[in-house]
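Have the picture at hand as you read.

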Amino acid sequence: MENYVITISRAFGSGGRTIGKMLSERLGIPYYDKDLIKLASEHSGINESLFGLADERISGGIFKKGKVYDGEIKSPSGADFTSEDNLFSFQAKVIKELAEKKSPCIIIGRCADFVLADRENTLRIFIWADKETCVKNTMDVCGWDRKESEKQVDKINRERSAYYKSHTGHDWADVRNYDLCLDTNKLGFEKCTKIIEDYINILYK
């Protein structure tokens with residue numbers, strides 16, 4: 001079996017995280033999401049809370065222009081050691097190290113598709129759904145009312161888009177960034193998981 005990596009970018013409320021967990025169980029491989037923050041903190045020595053504040057969002061708003069990731073990591077002696085760009089670089093370093101382990105894995109969000117763009121045996125997935133589906137899913141999972149769910153779906157998707165643009169220079173929802181884009185409204189979580197599983201079996205087994 002090839003040492004493949006599945007990266008999953010996802011619209012908020014589309015079920016990308018759920019599909020990632022389902023794949024992890026089906027394929028018997030590790031799944032990395034928010035634990036990437038802890039790993040990056042341990043690797044860098046920077047407080048985990050700073051990584052949490054910059055997790056898939058940027059402080060300067062949706063129009064902030066950051067530095068496109070190039071692999072550079074700033075020195076602890078520099079004033080920008082804890083900058084958002086450097087926090088991203090540490091997290092990207094962790095993603096690369098996870099990808100180079102001997103066993104396959106799943107990585108959720110954090111521009112992993114871009115970070116691993118030059119790596120062979122990487123399957124880049126984008127999970128999405130129409131806004132109504134995302135809102136309903138958010139209401140069910142988070143317990144928010146419709147107004148709050150609509151607000152959060154719009155807000156978090158704007159943040160993810162800006163975060164992706166800032167660190168990659170590309171548009172988050174551009175299908176050319178991915179190998180496979182799946183609509184959970186039309187397919188559901190189970191079928192999406194099965195499609196990815198079948199894809200993996202064709203490509204890497």
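## A first question

Is arginine 17 buried, partly exposed or exposed? Arginine 17 is partly exposed, because its relative accessible area is 28%. Keep in mind that this is a predicted model.

Arginine 17 has a partner: its side chain meets that of aspartate 33 in a salt bridge, at 2.4 Å from N to O. The two lie 16 residues apart, with arginine 17 in helix H1 and aspartate 33 in the loop between strand S2 and helix H2, so the pair links distant parts of the chain. Aspartate 33 is buried, with a relative accessible area of 5%.

## A bridge within one helix

Now look at helix H4 (residues 84–99), where glutamate 97 and lysine 93 are four residues apart, so about one helical turn separates them. Their closest N and O atoms are 2.8 Å apart in a salt bridge. Glutamate 97 is partly exposed at 37%, and lysine 93 is partly exposed at 32%.

Some salt bridges share partners, joining Arg10, Arg17, Asp33, Lys34, Asp55, Glu56 and Arg110 into one network. The count for the model comes to 22 salt bridges.

Finally, find helix H6 (residues 131–142) and helix H7 (residues 146–168), which pack at an angle of about 120° with axes 9 Å apart. That angle makes H6 oblique to H7, and the crossing is right-handed.

Among the residues that meet are Lys131 and Val135 in H6 and Arg146 and Val153 in H7. By class, this contact has four nonpolar, two polar and six charged residues.

Conventions. Residues numbered from 1 in each chain as written. Predicted model: local features only at pLDDT ≥ 70, side-chain atom pairs only at ≥ 80, totals over all residues. Heavy atoms only, no water. Axes fitted to C-alpha atoms, helices over the stretch in contact; angles between N-to-C directions. Parallel < 35°, antiparallel > 145°, perpendicular 65-115°, else oblique. Left-handed = near helix turned anticlockwise from the far one by under 90°. Contact = heavy atoms within 4.5 Å. Nonpolar A, V, L, I, M, F, W, Y, C, P; charged D, E, K, R; others polar. Salt bridge = Lys/Arg side-chain N within 4 Å of Asp/Glu carboxyl O. Buried < 20%, exposed > 50% of the residue type's maximum accessible area, 1.4 Å probe, protein only.
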